[in-house]
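I opened this model to look up its chain contact and its sheets. My entries follow the structure.

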Amino acid sequence: MKYVIGIDLGTTNSALAYAEIKPGADRFDTPDVRLMEIPQLVNPGEAREGPLLPSALYIPGVSDFPAGSLGLPWDPEPEFVTGRLAQKRGVENAGRLVTSAKSWLSHSGVDRTAPILPWNAPEGVRKLSPVDASAEYLKHLRQAWDAKMPDSPFTEQKVLVTVPASFDAVARELTLEAAKHAGYGDVALLEEPQAAFYAWIERHQDWRGRVKLGDLILVVDIGGGTTDFTLIAVTEHAGELALDRMAVGDHILLGGDNMDLALARMVADQLAEKGTRIDTLQLHALWQNCRVAKEKLLAPGAKSKEQPVTILGKGTGLVGGTIKAAVTRDDVDRVLGEGFFPRVASSDLPQRQRRFGLQEIGLPYAADAAVTKHLAQFLRQPASSAEHERVRRGASGLAAPTHVLFNGGVLYARLIRDRLIEVLNAWLGEEGFSPVQPLAGEDLMHAVSRGAAYYGMALQGAGVRIRGGVPRTYYVGIESSMPAVPGIAAPLKALTVAPFGMEEGTAVSIPGREFGLIVGQPAEFRFFSSTVRKNDTPGALIEDLGDDLQELSPIEVNLTSEDGTGTVPVSFETVVTETGVLQLWCVARDGRRWKLEFNVRERLAQ
Amino acid sequence: MGRIWLATRGFFSILFRGVLPDDALAQLGLIRRATPKPQKAAAAPTPARLSDGALQILSILQRDSRLVDFIMEDIAGYSDDQVGAAVRGLHEQARESLSRYVKLEPVIDGVEGTFTKPVVSDPAAVKFIGNVPAGKPSGGLLRHKGWRAGKIDLPPLNPKQDAGIIAPAEIEIE
């Protein structure tokens, strides 16, 4: 093992950073973290390197590309196209394009191992599962590495793949499975906001002088497709400053793409008022142009108040068919400032997703676009007893960060950073606290992969580690023993099996409950998690499930035993592995153990 | 609009053939000097390959910026406003892709309007205009810095593909 490789498997873009492990290096030396340029097809027959690999996959059909034009340095005829070309061609033919595979990976409403993507593919197009699509991006990165670093095979290096902090145990397990499909060897997971914070530490070796004991750092990560919040507390262990991850938010499918699309829709509406209608392809072109216009208007020192956006005419008549419009600075301020980052009170929470009897299956996009409301909800998560007063809170219970670290491409825009700080400071002011200090992040697009590589070095003994543990409480559902009533399911209770903050490399036995499992038959349990209920101890029984618990994929165990049939009384044991994976075991009285597996298929059948 | 046409035409003629066409010369009031015949190097690619490269550049510029659509369109009837709106984005794209594949640099890296003594004496690289003396002039005012393709970095051509296709026809299925 010569290198540590950090992979940011993003919703819209992926990146790879690496650092060399130098034997005998001073542990206080700064690891030299570098980014790898990723070769990918940018046009048919043209492979070029880029700092990011767009997380887009295109399933080529017979009439899509000229023969022999999809070759990569490591594969003359790949089955799928990943990266920039996939993204480009996908605009013209969306039915064969897979995007946001990562959001599907965390969506428990579908079978994530079944070939379901592209979601709207026409009949006859080959489909992939969210796990397989993610594996394709990971495979591309592995092959790119092997092509560029032939002396250090990828599988012999230490690899870290980042996941959103809001990923539940199932989504994490599936991410590892994707890595396995992609031919990865030694791989561990790391939460993205933590990785972003590691990147900050990597850039500021004097970080111990920049934060102090009792400080609370809010990490705001807004990427192309998702928004993620995390709180990290500066604590003390054995006389040294240490970092503890205290809370993570829910998975919010809301990001920069939504903002650019909102601008494009606004322009399209303005055009429609003047009698010009545009079609889907033109809306796509407008979407891209609005993003460029937004970036120009929000660039530091930008003086122009208006940026023209044009949609060129279709067909060979280019000038004649050109549609003209403009995006003004006021438009951007209004759409972003009022739509996505409104000034709201800290008690103003996002609208709950309404539950319809029949819901259209698809990605569960956030119902409320206001990021600031989601932030308020996150900071209002109830305190956990494990906090030990390390989270500074106002009189109303609002967690009050002292610092804020931004990550993700959306936060390049000063307007958005300033607005978030303004809103946060208003909330803190009401609670009687001084304003937050922004921690200067640098490379917002690559911080996660860089931080992952740095963390890999920390695992080797160089650098500081953030202690986190399981960011949720996990439960197993138990049906109450009650007389059956037609049409009404027996009330469900939830048994706590993994407490919030359970640390990596520990195990806990669940007391007071035994189940009789029949040998030779699969037994299935319903499985729940909560980011809000933080004080349930292992073995605690929740009578009323309410809205705080989210159901995950069921888990099942199939007992095979040499001594024939019968019923085996078992109890639960929970293990969190060193790589942060949650495992549930059934343990018989004589010490025999069976692992419970996530059953992502069953959920659909119910 | 005659100027845009002339400039674009001149640009491509110089880029691909190294000379301006006769009608462009006439319109500019210039006279062609005797230029050396292009040399046929033994190991050089065949002439057909050379024109493949030219077609490839055309198809790249069409793909990335729709330049061919623009040049081939009759724009006489459109207002400057309409043309301007279309050209702004096209210009940006064309410039981006041209600079990606061809590294353009000035022949003489000086300030236009200042006295300059050219180092090279190749008439294809440096052209004297105005009151040119009978002998070889030592220098003069730099009027145009000239363009030189420093490094050409075109993707390899697909041998199975018809290089004559500048842009494919598009058929949309509703």
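**Ground rules.** I am working with a predicted model, where local features need pLDDT of at least 70, side-chain atom pairs count only at pLDDT 80 or more, and totals for chains, interfaces and linings use all residues. Residues are numbered from 1 along each chain as its sequence is written, chains are lettered from A in the order in which they are written, and side-chain values use heavy atoms, without hydrogens and water.

**Confidence.** I checked pLDDT, the predictor's confidence in each residue from 0 to 100. Chain A averages 85, and 92% of its residues score at least 70. Residues 355-359 of chain A fall below 50, and this stretch has 2 contacts beyond near neighbours in sequence. A contact here means heavy atoms within 4.5 Å. Residues 602-606 of chain A are also below 50, with 10 such contacts.

**Interface.** I counted 23 residues from chain B and 22 residues from chain A in the contact. The two chains bury about 1800 Å² between them, 50% of it on carbon and sulfur atoms. Buried area is the accessible area (1.4 Å probe) lost on putting the two parts together, summed over both.

I found 3 salt bridges between chain B and chain A. The rule asks for a side-chain nitrogen of Lys or Arg within 4 Å of a carboxyl oxygen of Asp or Glu. One of them joins K324(A) and D81(B), at 3.0 Å from N to O.

Which elements give two or more residues to the side of chain B that touches chain A? They are α4 (67-72) and α5 (80-101) of chain B. Helices are DSSP runs of H or I with at least four residues; strands are E runs of at least two. α5(B) gives the most, with 10 residues.

**Six-strand sheet.** In chain A I traced an open, mixed sheet in the order β18-β17-β12-β13-β14-β19. β18 (437-439) and β19 (466-467) of chain A each have a single partner strand, so one side of each lacks a neighbour in the sheet. Pairing requires at least two DSSP bridges between two strands. β12 (216-222) and β13 (227-237) of chain A pair antiparallel over 7 bridges. I222(A) has T227(A) in β13(A) as its bridge partner.

**Three-strand sheet.** I also logged an open antiparallel sheet in chain A, ordered β8-β7-β9. β8 (81-82) and β9 (97-99) of chain A stand at its edges. β7 (56-58) of chain A pairs with β8(A) over 2 bridges. L57(A) stands opposite T82(A) in β8(A).
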